[in-house]
Amino acid sequence: MFHGPVQKRSCTQCRDGATIDFGISMAFQPIIDIASGKVFAYEALVRTPDGGGAAAVFEAVTDDNRYAFDQQCRVAAIRGAVAAGILGSDARLSINFLPDAVYSPLACIQLTLRTAGAVGFPTERLIFEFTENEKMNDPEHVAAIIACYQKMGFGTAIDDFGAGYAGLSLLARFQTDLIKLDMDLIRNLDRSLPRRLIVASVVTMCDALDIGVIAEGVETTSELEALREIGVRLFQGHLFARAGFQHLPAVSLPILRDHAG
């Protein structure tokens, strides 16, 4: 996390309006509320300007440009979603952020607020999600970010829950509004009793904590049906739509059997 000289560098970048020397664009993948059949949110996924994958973008991210990259991703996500027509729906916009690129939640959110205001996007429809792929060095700092964002009316989410360090220890320290179950837990869940039991336990726990659960990476109707029976309501994956580069993709809703049947 940012301390000392690194924080000072970020403060300078914020003051000077730092930019990145490589281009980015965004793709958007829907998160479906299966009960209503409507899009709950679109996740903004970073891409190269010509639609190349996120890995090619992250190769250019360094400690020196991490703050500017995080800021520009937020701007690109909001502007891109509005250009793609998100204001014609009630859907929210989920933006990935880097916890170690936020040295002060209130200071670092100002460009996001200005961008949303400039294009008329309601800030209460913003969700910020993060993934901790490595052990968290400063959980108190991340908890402060989450608390600040929630106080400002944003939604918050832990991505890839159940993978690596993104798990129960995080929820013990702070509670986001949503968690996104890692796709490794979802894959072939309909044929795996251990996976079903683990996901069912997480859903029960999250219900008690008033945390919404999103199943990501859903690819088959059988996976969807098994997750519905467990009590999951929000879904994301190729079963519904692949990410649309610079546009909001059409959603395909599978035919489901009667839940009572």
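A27 stands opposite F245, a residue of strand β9; strands here, like helices, are DSSP runs numbered from the N terminus, with at least two residues (E) for a strand and at least four (H or I) for a helix. This is a predicted model, in which local features need pLDDT of at least 70 and side-chain atom pairs count only at pLDDT 80 or more, whereas totals for chains, interfaces and linings use all residues. Residues are numbered from 1 along each chain as its sequence is written, and side-chain values use heavy atoms, with hydrogens and water left out.

Strand β9 (residues 244–245) runs antiparallel to β1 and is joined to it by 2 bridges, two strands being paired if DSSP finds at least two bridges between them. Strand β8 (residues 234–236) also pairs with β1 in the antiparallel sense, over 2 bridges, and there D33 stands opposite L234.

## Burial of β1

How many of the 9 residues of strand β1 are buried? The count is 9 of the 9 in residues 25–33, so the strand is largely enclosed by the rest of the structure; buried means under 20% relative accessible area, exposed over 50% and partly exposed in between, with a 1.4 Å probe and protein chains only. In a regular strand the side chains alternate between the two faces of the sheet. In β1, S25, A27, Q29, I31 and D33 point one way, while M26, F28, P30 and I32 point the other way, and all are buried.

## Helix α3

Helix α3 covers residues 66–84, and its 19 residues, at 1.5 Å a residue, should span 27 Å, the expected span being 1.5 Å times one less than the number of residues. The end C-alpha atoms of α3 are 26 Å apart, which agrees with that expectation. Just after α3, G85 takes a positive phi of about 105 degrees.

## Salt bridges

The structure has 11 salt bridges, counted where a side-chain nitrogen of Lys or Arg is within 4 Å of a carboxyl oxygen of Asp or Glu. One of them joins E140 to R173, with the closest N and O atoms 3.8 Å apart. E140 lies in helix α6 (residues 139–151) and R173 in helix α7 (residues 168–173), so this pair ties together parts that are 33 residues apart in sequence. E140 counts as exposed at 53% relative accessibility, and R173 counts as exposed at 52%.

The side chains of E216 and K180 meet in another salt bridge, at 3.8 Å from N to O. Since E216 belongs to strand β7 (residues 212–216) and K180 to strand β6 (residues 178–181), the pair ties together parts that are 36 residues apart in sequence. E216 counts as buried at 7% relative accessibility, as does K180 at 0%. E43, E129, K180 and E216 are linked in a network of salt bridges. Within helix α10 (residues 221–230), E225 and R228 lie 3 residues apart, about one turn of the helix; they form a salt bridge whose closest N and O atoms are 3.1 Å apart, and both residues are buried.

## Aromatic pairs

A search of the whole structure finds 11 aromatic pairs, where rings of Phe, Tyr and Trp (its six-membered ring) pair if their centres lie within 6.5 Å, and planes under 30 degrees apart count as stacked, over 60 as edge-to-face and the rest as tilted. Among them, F128 and F154 have ring centres 5.2 Å apart and planes at 75 degrees, so the pair is edge-to-face. This pair links distant parts of the chain, with F128 in strand β4 (residues 126–130) and F154 in the loop between α6 and β5, 26 residues apart. F128 and F154 are both buried.

The rings of F235 and F240 have their centres 6.2 Å apart and their planes at 35 degrees, so this pair is tilted. F235 counts as buried at 0% relative accessibility, and F240 is buried with a relative accessible area of 2%. One aromatic cluster is formed by F97, F128, F130, Y149, F154 and F174.

## Cysteines

A search of the whole structure finds 0 disulfides, a disulfide being a pair of cysteine sulfur atoms within 2.5 Å. C148 is in no disulfide, and the nearest cysteine sulfur, that of C108, is 9.9 Å away. C108 is buried, with a relative accessible area of 1%, and C148 is buried at 15%.
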